[in-house]
Amino acid sequence: MDFSISRGLQTTLERVREVVDLQIIPLEPALLSRPFSELRPALAAVRDEVRASGFWAPQLPETLGGMGLSLLEFAHVAEELGRSPLGNYAFNCQAPDAGNMELLREFGTDEQRRLYLEPLAAGECRSCFAMTEPDHAGSNPVWMGTRAVRDGDDYVIDGRKWFASAADGASFAIVMAVTDPAAEPHRRASLFIVPAGTPGFRRVRNIPCMGHAGDDWASHAELAFERCRVPRESRLGEEGAGFDMAQARLGPGRIHHAMRWIGVCRRAFEMLCDRAATRELAPGDPLGTRQAVQEWIAESLAAIEAARLLVLHAAWTIDASGPSAARDAISLVKFHVAGVMQQVIDRAVQAHGALGISDDTVLSWFYRQERAARIYDGPDEVHKAVVARRILAGRKPSGGEVPR
Ligand SMILES: Cc1cc2nc3c(=O)[nH]c(=O)nc-3n(C[C@H](O)[C@H](O)[C@H](O)COP(=O)(O)OP(=O)(O)OC[C@H]3O[C@@H](n4cnc5c(N)ncnc54)[C@H](O)[C@@H]3O)c2cc1C
């Protein structure tokens with residue numbers, strides 16, 4: 001295992017950090033106080049600079065205008081970007097588009113790549129991914145009610161989805177729907193590309209989450225499909241392969257989130273330390289002199305460094321041996337890093353007192369938005385069960401004998 005950073009990557013990381021510190025973090029007060037759509041002009045200007053500097057879409061190959069980094073190299077960049085909620089967006093590696101780009105690259109036809117992947121890679125449009133449904137447990141991905149029924153050369157889609165992130169303003173949705181309810185569970189569903197504006201495809205609402213409905217990219221929508229007719233060519237991949245493709249999308253995608261979460265941890269940790277050093281409980285008596293706060297700082301740093309190594313290890317395994325060899329590593333990273341992040345954010349909020357829960361710092365954004373990390377892309381409990389089942393698979397009941 002080699003996690004060393006080349007000189008070239010080191011220079012890139014320093015420049016990326018500069019962009020985040022000088023151009024992206026100053027936009028955060030607006031993110032916290034105004035609709036996201038009002039930030040778009042300022043973000044577009046930052047995106048232009050990022051593109052011109054050669055840092056655009058670090059996760060994509062150069063043939064698509066990206067930086068062509070390995071997953072391990074991208075992990076380092078994503079850590080820098082994750083320090084701001086706007087970092088990934090500014091560099092065009094934001095969810096859910098990054099995952100959709102992966103899907104289209106791997107499974108799209110030439111025409112689908114031309115129509116959907118190329119504009120996404122160029123940052124000319126956004127997309128969403130619609131799999132979860134209000135009436136079915138999202139943690140059981142093979143159980144859903146949305147149907148796509150063949151009708152001549154078309155499919156007709158009916159159903160309801162929700163928590164489709166960034167659907168507000170997206171040019172198209174990649175939608176999972178059951179095409180053969182009689183097939184074995186993992187072969188029942190297929191994926192479809194449904195452009196916005198297709199008759200029968202409706203965004204019902206942006207779902208208010210913890211007091212904020214959000215808008216544009218910073219939102220999660222409920223979607224309705226009512227006799228929504230799409231041509232056969234809009235099916236992505238084979239019929240019945242929807243589940244397998246979604247899994248392929250979520251493999252590296254989960255690592256993308258975890259890489260970003262390390263950046264969130266870093267930022268919250270920086271704020272925790274700054275607050276400990278500068279907030280005086282009495283003249284000349286800063287918060288950081290208290291043992292409880294010192295313990296938060298030391299415990300947080302140890303947890304972040306350990307989580308970071310877990311992420312780098314998972315990325316390295318995927319680079320070296322592919323996502324299936326990294327299945328356990330991906331599950332471990334998904335629940336462990338989410339938990340570390342939640343704890344570090346909570347400590348930083350606590351250290352900031354009332355300021356910590358106000359919208360005057362980015363901590364409230366992290367606290368609200370990142371709680372979901374333990375739920376999306378598979379809740380903690382599901383990942384833990386997956387890992388534990390594999391660990392226990394080779395072991396047999398003792399038949400009454402006490403194992404030694
Ligand atoms: C911010 C956010 C963004 C999202 N973005 C998208 C998106 O873009 N596209 C999309 O399709 N979906 C998206 N989702 C949906 C997400 O993938 C689902 O919420 C997730 O899969 C869990 O499904 P559920 O909400 O139906 O919870 P349920 O399946 O109802 O589970 C509820 C709870 O039960 C527990 N649980 C579930 N299964 C088990 C088990 N096997 N053992 C023990 N406990 C268990 C867990 O604690 C879980 O949190 C998003 C969700 C959030 C919160």
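These are my notebook entries on a predicted model.

**Ground rules**

I count residues from 1 along each chain as its sequence is written. I take helices (H or I, at least four residues) and strands (E, at least two) as DSSP runs, numbered from the N terminus.

**Entry 1: α9 against α10**

I started with helix α9, residues 291-321, and helix α10, residues 327-352. Their axes lie 9 Å apart, at an angle of about 155 degrees. For me an axis is a line fitted to C-alpha atoms, for helices over the stretch in contact, and angles run from 0 to 180 degrees between N-to-C directions. How do α9 and α10 run relative to each other, roughly parallel or roughly antiparallel? They are roughly antiparallel. The cut-offs are under 35 degrees for roughly parallel, over 145 for roughly antiparallel, 65 to 115 for roughly perpendicular, and oblique for the rest.

I then noted the handedness: α9 passes α10 in a left-handed crossing. That term applies if the near helix is turned anticlockwise from the far one by less than a right angle; clockwise gives right-handed.

Next I listed contacts, meaning residues whose C-beta atoms, placed from the backbone, lie within 7 Å. On the α9 side I found, among them, V293, W296, S300, A303 and I304. On the α10 side the residues include A329, I330, L332, V333 and H336. The residues of this contact divide into 16 nonpolar, 5 polar and 1 charged. Here Ala, Val, Leu, Ile, Met, Phe, Trp, Tyr, Cys and Pro count as nonpolar, Asp, Glu, Lys and Arg as charged, and the others, Gly among them, as polar.

**Entry 2: α10 against α13**

I followed α10 to its contact with α13. The angle is about 145 degrees, and the axes are 9 Å apart. α10 passes α13 in a left-handed crossing. Which residues of α10 meet α13? I wrote down D328, S331, L332, K334, F335 and A338. They meet D380, H383, K384, V386, V387 and R390 in α13. This contact divides into 5 nonpolar, 2 polar and 5 charged residues.

I also checked the loop between α12 (363-370) and α13 (380-392), where A372 lies. A372 counts as partly exposed because it has 15 C-beta neighbours inside 10 Å. My scale is buried at 20 or more other C-beta atoms within 10 Å of a residue's own, exposed at 12 or fewer, and partly exposed in between, with C-beta atoms placed from the backbone. A372 and Q342 are 30 residues apart along the chain, and their C-alpha atoms are separated by 9.7 Å.

**Entry 3: the strands**

I looked at strand β1, residues 127-130. S127 and F129 point one way, C128 and A130 the other, and all are buried. β1 pairs with strand β4 (residues 172-178) in the parallel sense over 4 bridges. Pairing requires at least two bridges found by DSSP between two strands. A130 stands opposite V175 in β4.

Strand β2 (residues 147-151) and strand β3 (residues 154-165) run antiparallel, joined by 5 bridges. D151 has D154 in β3 as its bridge partner. Their hairpin has 2 residues between the strands, and in it G152 takes a positive phi near 60 degrees. How many bridges join β3 to strand β8? I noted 9, with β8 (residues 218-231) running antiparallel to β3. There, P231 in β8 is the bridge partner of D154.

**Entry 4: loops and α6**

I turned to the loop between α5 (87-90) and α6, the place of P96. The peptide bond from A95 to P96 is cis, with omega near -5 degrees. N92 lies in the loop between α5 and α6 too. Its phi is near 60 degrees, a positive value in a residue other than glycine. Is N92 buried or exposed? N92 is buried, with 25 other C-beta atoms within 10 Å.

Helix α6, residues 97-107, is mostly covered, with 8 of its 11 residues buried. D97, A98 and G99 are among them.

A166, in the loop between β3 and β4, has a positive phi near 65 degrees. A166 counts as buried, with 25 C-beta neighbours inside 10 Å.

My last stop was P134, in the loop between β1 and β2. P134 is exposed, with 12 other C-beta atoms within 10 Å. Not counting residues up to four places away in sequence, P134 touches R160 and W162. P134 and R160 are 26 residues apart in sequence and 7.3 Å apart in space, C-alpha to C-alpha.

Note on methods. This is a predicted model: local features need pLDDT of at least 70, side-chain atom pairs count only at pLDDT 80 or more; totals for chains, interfaces and linings use all residues. Two residues are in contact if their C-beta atoms, placed from the backbone, lie within 7 Å.
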